[in-house]
Amino acid sequence: MIVDDHPVVREGLRGMLDADPGIEVAGEAGSGDEAVARSRELKPDVTLMDLRMPGGDGVSAITRILADRPRARIIVLTTYESDQDIVRAVEAGAAGYLLKDTSRADLLGAIAAAARGETVLSPSVATKLVTRLRAPVAESLSPRETQVLSLVARGLTNAEIGRELFISETTVKTHLLRVFGKLGVSDRTAAVTTALQRGLL
């Protein structure tokens, strides 16, 4: 199954895959929500999944599809290769992560490998993952940083957090910037999500 919000991309991929006698394109979807419904209906062996789409992103779709069909094989096929995107997709259970500049031969090989139960990664993606794994373990959060992030998780604004902790809004921002740096994220939502995943909150 091909999942991408751009019809021209889906058509191009379908044309490429239909030309291979060993592959049958079972169907297409244009959003994460549609991918979940179509996966339940079509039960494809392998799904090519774009990451950023309206109507439910790729990572949430991967999580929902695998909750329903644990043996499904999903390859992310995207233009994005940030560390955060890669880790989120792999943690969600993606069987592979390829970039859209992948050659036809490599894409066909990756689909076959995923169908056999293997993991497939673009070389640049594999390098990023290895580099991230070799990086020193992130520093732990200080008690004050944990306190600030806990209040962020409760939905408080910086000004409200400042009033709650009797510190200035600027100090709150400083604590949050340190938290972002330690967790390797760039926004409040990602900070809370990452901290919860790591058991820091």
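Which residues does Asp50 touch, not counting residues up to four places away in sequence? Asp50 touches Val3, Asp4, Asp5, Gly58, Leu77, Thr78 and Lys100. Contact here means heavy atoms within 4.5 Å.

This is a predicted model: local features need pLDDT of at least 70, side-chain atom pairs count only at pLDDT 80 or more, and totals for chains, interfaces and linings use all residues. Residues are numbered from 1 along each chain as its sequence is written, and side-chain values use heavy atoms, leaving out hydrogens and water.

**Asp50.** This residue is found in the loop between β3 (46-49) and α3 (58-68). Helices (H or I, at least four residues) and strands (E, at least two) are DSSP runs, numbered from the N terminus. Asp50 counts as buried because its relative accessibility is 4%; buried means under 20% relative accessible area, with a 1.4 Å probe and protein chains only. UniProt (unreviewed entry) places the feature "modified residue: 4-aspartylphosphate" at Asp50. Such annotations may be inferred rather than shown by experiment.

**Sheet.** Six strands form an open sheet in the order β2-β1-β3-β4-β5-β6, with parallel pairing. Two strands pair if DSSP finds at least two bridges between them. The edge strands pair on one side only:

| Edge strand | Residues |
|---|---|
| β2 | 28-29 |
| β6 | 120-121 |

Strand β1 (residues 2-3) pairs with β2 in the parallel sense over two bridges. Val3, one of the Asp50 contacts, stands opposite Ala29 in β2.

**Domains.** The protein is divided into domain 1 (2-134) and domain 2 (143-198). These bounds come from an automatic or database domain assignment. The C-alpha centres of domain 1 and domain 2 lie 33 Å apart.

Methods. Buried means under 20% relative accessible area, exposed over 50%, partly exposed in between (1.4 Å probe, protein chains only).
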